[in-house]
Structures are given as C-alpha cells and as structure tokens.
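Open the model in your viewer and keep the selection tool at hand.

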Amino acid sequence: MMQIFRMLQRGIRDAFKSVVRNFSLSIASIVCVSITLFIVSVAIILSANVNNFSTNIKKDVTIIAFLEKKSDKNAIQKELNELKNISKVEFVSKVDAKKELSDSSSQFKEWLKDWSDDDLPLKDSFKIKVSDLKQINDTVSKIEVIKGISSVNYGKTTIEKMLTTFEVVNKLMYTTVIILIVVTIFLIINTIKLTIYSRKREIEIMRVVGASNFAIKFPFVVEGMVLGFIGSVIPILLTIYLYTYLYNRFQGNIYSNIIKLMSPSSLVYTVSLILVIIGVIVGMLGSSGAVRKYLKL
C-alpha cells in the first residue's frame with residue numbers, strides 16, 4: 001500500500017516537473033485547450049440564455065377571457081380553476097382595465113378620462129395563465145364554452161409561430177453546443193497526443209531501465225489532466241469577467257425588459273464547472289491514448 005502511495009506521489013511530482021520542463025509544448029497544449037473551451041463556453045451561455053428567454057416568454061403568455069354583462073364571476077372563476085392546464089386565474093374589473101390602459105398609453109388615458117366607471121366601453125375579464133403552452137388551444141376551447149364568457153383572446157397565430165421558432169432555435173443551439181464539445185475534445189486530445197509523442201525517446205529510456213507500464217503512463221496522464229485544468233482556467237476567468245460585465249452593462253436586459261439575461265451567479269459557475277470537467281477528462285484521455293497508441297505500451 002505504501003509503495004503504491006509513493007508511486008502515485010512520485011508520478012504527480014514528475015507530472016508537474018514535466019509541465020515546467022517542456023514549457024513550450026505545455027504552452028501550446030494550454031493555448032489550444034483555452035481557445036476551444038472558450039468557444040464552448042460562449043456556445044453554452046448563448047444556449048442557456050436563449051432557453052431562458054423562451055421560457056420567460058412562455059410564462060408571460062396570458063389568455064384574456066371577457067365576461068358578459070351581469071355574469072356570475074365567482075361561478076366562472078370556480079370553473080376556470082377546475083380546468084387541468086390552468087395555473088393562475090386573476091379577475092380584472094373594467095375599472096382596473098381602465099387604469100391599466102391609462103397607465104400604458106397617454107392616448108388611452110386621454111380617450112378614457114371622460115368616461116365614468118359605470119359607462120366604460122370595457123368589459124370585466126379574467127387573466128389566465130396556463131401550465132403547458134402546447135395545450136393552450138385545447139384549454140381555450142374549454143374556456144370558450146363556459147357560460148358567462150363572451151369571447152377569448154390569446155393571440156393564437158403569434159403563439160403558434162413563437163412556439164415553432166423557439167423549438168427550432170433550442171434544437172439548433174443544443175446541436176451547436178454538442179458539435180463544439182465534440183470538436184473541442186478532438187482538438188484537445190490530438191494536441192496533447194502531439195505533446196506526448198514528441199517525447200517518445202524519453203519514454204523509451206524509461207522502458208529500457210525497466211519501468212512498468214503504469215509507472216510510465218501515470219505521470220503523463222496526470223500531466224494531461226494538469227494541462228487540461230490550466231487550459232480551462234483562462235476561459236473560466238474570461239467567461240466570468242465578460243459575462244458579468246455584459247450583464248451589468250445592460251442591467252440584465254437586452255433592448256427591453258422582455259429579453260432578460262440569466263444572472264451571472266446562476267450561470268457562470270455552472271459553465272466553469274463544465275469547462276473544468278471537460279478540460280481535465282479530455283486531458284487525461286488524450287495523454288493516456290497517446291502513450292498507449294503511439295508508443296504501443
């Protein structure tokens with residue numbers, strides 16, 4: 001047991017020494033890892049924000065159910081709450097609707113100011129949120145047949161286009177991230193393989209003096225992990241700094257309050273962990289594969 005521990009300790013020590021001793025090759029590997037992982041980082045952040053944006057838009061979709069005059073709002077609200085796909089029901093009186101319209105536009109305010117509450121050309125209504133936007137058409141059909149509801153408005157054409165667009169964008173972003181990760185893995189593995197292969201003579205000497213396969217491979221595997229880890233640190237720092245700067249610069253929104261960026265605290269650290277895992281694992285696999293394949297251990 002102690003012998004294995006000493007072997008591990010020596011292997012880790014030799015790996016760090018090798019990184020310093022072969023500085024130019026190490027730098028080449030680190031730069032390759034950093035560039036490719038930064039691209040992956042950007043793709044993941046874009047994908048996460050697009051997905052977050054589409055989720056927020058879906059949450060904001062509201063069905064407006066207008067009531068007939070002298071309808072029983074309590075009975076209607078009870079029926080609405082019993083429908084399966086409905087998550088929230090809020091009653092809006094015509095007086096409240098007047099206030100909302102007046103606050104939203106000076107033109108509406110000017111138009112409505114001379115109308116008394118009793119004579120308002122508006123209707124009482126319910127604002128309705130659904131749990132699953134994909135089932136909204138079926139839910140609207142059930143709302144329309146409730147007694148006391150005169151009409152329902154929810155922007156059918158716009159929502160259908162929006163759902164289709166979001167599904168396409170999300171699939172495209174996920175595919176892009178996966179492709180970039182695969183390309184990154186390929187580039188990192190081959191760069192580290194070149195680094196190991198350039199030291200073929202060093203490993204041949206180790207074999208001549210009787211070193212075991214494990215004793216030869218282990219320092220190189222650790223070296224690959226170290227290179228992968230160091231290479232992930234640079235894109236992590238860039239990701240944290242640039243995304244935090246972007247978030248603060250636009251105060252969490254792009255163009256309007258509709259397009260909200262994800263909070264840095266909920267995103268950059270998750271991305272950082274992903275980059276470290278990719279860097280370390282790929283570095284380990286690249287070194288192990290190079291020693292086994294090119295040197296035929």
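What does the accessible surface of the protein come to, and how much of it belongs to carbon and sulfur atoms? Show the surface of this predicted model: it comes to about 18,000 Å², and carbon and sulfur atoms account for 62% of that.

Now switch to cartoon. The protein has 10 helices and six strands. Of its 297 residues, 38% are buried. Take the contacts between residues at least 6 apart in sequence: 82% of them join residues at least 24 apart.

Next, select residues 63-67, 86-92, 125-130 and 149-153, which are β1, β2, β3 and β4. These four strands form an open sheet with antiparallel pairing, and the order across it is β2-β3-β1-β4. At the edges are β2 and β4, each of which pairs on one side only. On average, neighbouring strands here are turned by 20° against each other, direction ignored.

Zoom in on β2 and β3. Six bridges link this antiparallel pair. In general, the strands of a sheet pair through backbone hydrogen bonds, so display backbone atoms as well as side chains.

Conventions. Residues are numbered from 1 along each chain as its sequence is written. This is a predicted model: local features need pLDDT of at least 70, side-chain atom pairs count only at pLDDT 80 or more; totals for chains, interfaces and linings use all residues. Side-chain values use heavy atoms; hydrogens and water are left out. Two strands pair if DSSP finds at least two bridges between them. Helices (H or I, at least four residues) and strands (E, at least two) are DSSP runs, numbered from the N terminus. Axes are lines fitted to C-alpha atoms, for helices over the stretch in contact, and angles run from 0 to 180 degrees between N-to-C directions. Contact means heavy atoms within 4.5 Å. Buried means under 20% relative accessible area, exposed over 50%, partly exposed in between (1.4 Å probe, protein chains only). Accessible areas come from the Shrake-Rupley method with a 1.4 Å probe; for residues, only the protein chains shown count as cover.
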